[in-house]
Amino acid sequence: MRGHEPVAAMTSLERVLAALDLKPVDRTPVLPVLLMQGAKELGMSLPDYFTRPTRLAEGQLRLLDRFGHDGVFAFPHVVQDVLPWDSALDFHEDGPPSVGKMVIRRYEDILDLEVPDPTSHPYLRHTLDAASELARRVGDEKLVVGGVIGPFSLPTMLMGTRKFLDLVDLPEFRNEYFQPLMQKMVDFTARWATAQIEAGCHIVVFAEGISSATIIDEATFLGAAKPTLEQFVAKTRGALALEFVGHGLPFMRHVRDLDVAALLIAETDPMDETRALLGPAKALIGNINNLKLLRWEPERVQFEARRLIAEAGPGLILSNQGPDIPWEVPYPAIEAMVLAATT
Amino acid sequence: MSKGGNEHIAPADLARRLHRHFSLAEDAATSCRALLSVVEEALETARAGGFAAVTDTLNRVARELTDHVEEIVAGVTSSGRAMAAFSAAIASFEEEVSRLEEQGRAVQTNVQQIAGISDQVKLLALNARIEAARAGAAGAGFAVVAEEVNKLAGHSEEVTKAITEHMNSVTEALERASHRFDDNRAALEETEGALNVLETAATGIAAGSQKLGEVVGDVERLAGSQGHLQEALEQIQFHTGAVQQSAVPLVRELETTVRQADDMWAASLPPERRHTVRDLSQFEARMAQALGRDEPHVAKETLAAALAADLPPPDLLARLATAGAKAFRAEGYDERPAIAHFRNARIFEAALDELEPLIREEHGNRGTVVMGNAWEDYHDLGRRVICITLRAAGYRVIDLGLSVRNEQLIETALREDARVIGVSSLLLTTAKYIPRLKEALVRRGRDDIKVIVGGAPFLVDPRLRDKFGADGVGRTPQDAVRLVENVYARVRGEGP
């Protein structure tokens with residue numbers, strides 16, 4: 001905030017909330033998206049950590065102790081969102097779980113699909129318990145972040161990308177099945193995001209990879225994705241952050257009026273151009289390339305992070321682009337990101 | 001037509017080969033452009049001290065460039081050989097034509113001699129009749145003989161006339177054929193000239209990329225002493241510029257060459273069939289447009305019209321592949337969203353579904369490839385596009401779909417005698433199954449079956465290829481085709 005009055009020291013939560021309001025901050029808040037690393041802190045394997053989400057809060061708190069960043073993540077991974085739909089997860093030693101089963105095999109299945117109650121699934125209940133615990137233990141000082149898969153992206157995890165994009169693209173399928181499907185997705189995701197807010201999260205990030213310009217064109221965004229996102233935002237009670245998990249720049253001007261507090265942006269979307277298209281009302285979270293952290297030396301991480309801080313105006317929360325920081329990223333790279341903001 | 005051990009090369013085959021070389025050269029130019037942007041980025045971030053990242057990237061791009069270059073040099077050399085064989089074939093044919101013309105001329109001389117003899121016989125017969133009249137009854141027998149001689153002379157004259165007419169038409173036909181080959185030879189000479197330029201340009205690229213590789217090595221050595229890094233990077237930029245200077249004219253020249261090869265092909269066809277070449281070019285252009293603009297109805301109509309016009313299905317397939325390659329390489333194609341690739345895939349699939357049954361027997365099988373997404377990977381876009389492109393290139397593709405176990409990939413490859421397994425993986429967590437696939441192949445003594453991989457993790461971190469033991473990484477569908485072609489060229493004993 002060069003040229004402004006010095007800002008008194010803030011707690012992490014004050015700092016992040018000020019940034020979300022695009023107000024002056026004592027330093028740039030920093031929020032590396034650390035999900036899997038909780039397992040390392042607890043000395044557990046990833047499958048153990050992820051099959052027993054009861055340890056989630058403990059893992060996040062230990063990460064906070066280690067890195068001293070400004071918030072915690074109250075969800076183990078977003079792939080958990082498929083579980084209430086009678087899907088399954090496959091667990092891995094060195095990465096987040098992946099979807100183990102497609103539940104919509106024929107378009108006709110959409111009509112019979114019943115929207116599950118996210119809070120009734122044991123796995124997701126554990127997640128809500130972790131959110132409550134994190135809110136209770138550090139929620140007054142640190143940002144507690146929830147996460148869901150957005151309504152336009154969740155179908156790809158239930159039926160596959162090709163099947164969903166064919167549905168969106170081909171009139172013979174779209175006319176009959178698109179609206180019923182989206183209605184069910186919005187109902188579920190809004191309910192799940194609201195549940196996380198009610199459990200104590202300050203903000204919920206909704207991951208919308210399929211809405212990004214990496215996946216769809218502008219006409220599809222405007223005609224199919226955006227109305228869905230608007231319904232989801234309107235139906236969710238609480239603060240939201242949109243994450244394109246891909247190239248978002250071409251659509252930034254179209255989400256100017258979407259009622260979200262912040263956007264997580266990808267490395268491909270330069271901060272200054274994003275800001276110009278988005279206007280001055282939303283915070284930007286990002287946008288160190290999470291995969292490059294695998295091979296960047298700490299000096300390079302610091303250089304890139306400091307460059308971002310210098311170039312971005314008010315309303316930056318320094319972070320990585322989505323989804324989260326890979327398991328193999330060395331700790332010095334993560335420390336370098338935090339140090340760039342704190343020193 | 002075979003002479004001196006030269007392989008007979010049909011003009012159509014030559015034109016097809018040149019189309020392929022054109023694709024390769026365009027790839028090289030694209031690589032050079034990518035390299036330039038990487039180097040620009042490297043220069044910008046040199047101060048950051050991220051040497052490992054910079055040199056990793058440079059290494060990767062330089063290696064890819066070198067691969068392209070090797071392909072081009074091989075392609076150009078093969079074109080040169082094809083052209084030489086064709087040239088020899090034409091020369092041989094021309095010799096035969098000359099010999100025929102000489103023989104024709106000799107026959108004409110003979111015919112003229114026969115005509116002269118005939119005239120003499122006629123004169124003799126006339127004299128004989130006069131003498132017989134003078135001799136009166138005593139000469140009656142002689143008159144009969146003279147009459148017969150006269151008839152014989154008349155018959156000889158008719159035969160001679162017929163032979164002359166026939167020889168005239170043969171000579172005219174030979175002259176026409178000779179003119180046609182004159183036309184061909186002119187096109188051939190131009191093409192050979194263009195190929196010489198190509199060879200020079202390709203050699204320039206080869207030298208440039210070798211130099212680039214050396215400089216990358218220098219950068220790695222210099223990474224420890226920052227002072228020289230900037231200078232080294234500037235050198236890279238200089239050499240990259242030089243590489244691009246070679247690649248750009250290469251592409252331009254090849255375009256001309258391809259056009260000339262088409263002309264030559266057309267000239268070698270009977271007049272009533274020459275439209276085929278023009279129609280194929282139009283087919284390619286319209287399909288490229290349909291792909292670029294996502295117009296499935298245009299593609300459908302274009303293919304239907306081409307088949308109705310009896311254009312050869314193997315040529316349509318080749319042109320479809322070229323149209324696809326052009327669409328893939330069009331500026332901004334990489335920035336297009338995935339949904340556009342899906343639309344293209346649908347266009348391709350529809351066209352291939354129509355063409356495949358028509359060409360299966362004629363086209364033959366260039367090899368078999370088993371494709372699948374890694375176990376637990378459910379992202380099928382990349383795999384689908386690769387499958388289609390491989391099919392369009394003439395390979396039999398066995399697509400096992402999403403989330404395929406290594407055992408299934410191996411069993412299928414063994415059963416179907418495939419030498420390549422292609423695995424697509426969008427996630428790092430699912431890509432981890434790839435090394436196990438390689439290990440399993442080695443355990444079964446079948447490390448001759450190559451594993452090529454594609455997907456986001458390999459694009460972002462080039463070191464994964466070596467780490468996972470993959471035999472190749474396909475960045476684009478054309479990359480995948482090239483990798484598969486390399487494998488099968490080695491299987492056929494043609495490759496390095």
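Tutor: Contact here means heavy atoms within 4.5 Å. With neighbours within four places in sequence left aside, B:V397 is in contact with B:V369, B:M371, B:C387, B:L390 and B:R391. The model is a predicted one.

Student: Where is B:V397 placed in chain B?

Tutor: B:V397 belongs to strand β2, residues 396–399 of chain B. Its C-alpha atom is separated by 5.9 Å from that of B:V370, which is 27 residues away along the chain.

Student: Why is B:V397 called buried?

Tutor: Buried means under 20% relative accessible area. The value for B:V397 is 17%, so the residue is buried. B:C387, one of the contacts of B:V397, has 5% relative accessibility and therefore counts as buried.

Student: What makes A:D70 and A:R15 a salt bridge?

Tutor: The rule asks for a side-chain nitrogen of Lys or Arg within 4 Å of a carboxyl oxygen of Asp or Glu. For A:D70 and A:R15 the closest N and O atoms are 2.8 Å apart, and the two form a salt bridge. This pair links distant parts of the chain, 55 residues apart: A:R15 is in helix α1 (residues 12–20) of chain A, and A:D70 is in the loop between α4 (56–67) and β1 (71–73). Both A:D70 and A:R15 are buried.

Student: How do you know that A:E41 and A:R66 form a salt bridge?

Tutor: Their closest N and O atoms are 2.6 Å apart, and the cut-off is 4 Å. Here too distant parts of the chain are linked, with A:E41 in helix α2 (residues 37–42) and A:R66 in helix α4 of chain A, 25 residues apart.

Student: Why is A:E41 called buried, and why is A:R66 called partly exposed?

Tutor: A:E41 has 14% relative accessibility, so it counts as buried. Partly exposed is the class between buried, under 20%, and exposed, over 50%. A:R66 has 45% relative accessibility and therefore counts as partly exposed.

Student: Which residues do salt bridges with shared partners join into one network?

Tutor: The network holds A:R162, A:D166, A:D169, A:D217, B:D294, B:R336, B:R343 and B:R346. Over all chains, the count of salt bridges by this rule is 38.

Student: What makes a set of residues a nonpolar core?

Tutor: The residues must be buried, of the nonpolar kinds listed for the rule, and joined through side-chain atoms within 4.5 Å. The largest such core has 111 residues, and A:F152, A:F164, A:L181, A:F206, A:I216, A:V255 and A:L263 have the most contacts inside it. Helix α9 (residues 171–199) of chain A gives the most to this core, with twelve residues. Apart from it lies another core, of 31 residues, which includes B:V298, B:A299, B:A327 and B:F348.

Student: Why is the pair A:F221 and A:F244 called edge-to-face?

Tutor: Ring centres must lie within 6.5 Å, and planes over 60 degrees apart count as edge-to-face. The centres of A:F221 and A:F244 are 6.3 Å apart and their planes are at 65°, so the pair is edge-to-face. A:F221 is in helix α10 (residues 218–235) of chain A, and A:F244 is 23 residues away in the loop between β6 (239–243) and β7 (262–264). Both A:F221 and A:F244 are buried.

Student: How do you know that the charged end of B:R405 sits over the ring of B:W375?

Tutor: The charged end of B:R405 is 3.7 Å from the centre of that ring, where the distance limit is 6 Å. The rule also sets an angle, within 35 degrees of the ring normal. Likewise, the charged end of A:K163 sits over the ring of A:Y107, 4.7 Å from its centre.

Student: How many disulfides are counted over all chains?

Tutor: The count is zero. A disulfide would need a pair of cysteine sulfur atoms within 2.5 Å.

Notes:
Residues numbered from 1 in each chain as written. Chains lettered and ligands numbered in written order. Predicted model: local features only at pLDDT ≥ 70, side-chain atom pairs only at ≥ 80, totals over all residues. Heavy atoms only, no water. Helix = DSSP H or I, 4+ residues; strand = E, 2+ residues; numbered from the N terminus. Buried < 20%, exposed > 50% of the residue type's maximum accessible area, 1.4 Å probe, protein only. Phe/Tyr/Trp six-rings, centres within 6.5 Å; stacked < 30°, edge-to-face > 60°.
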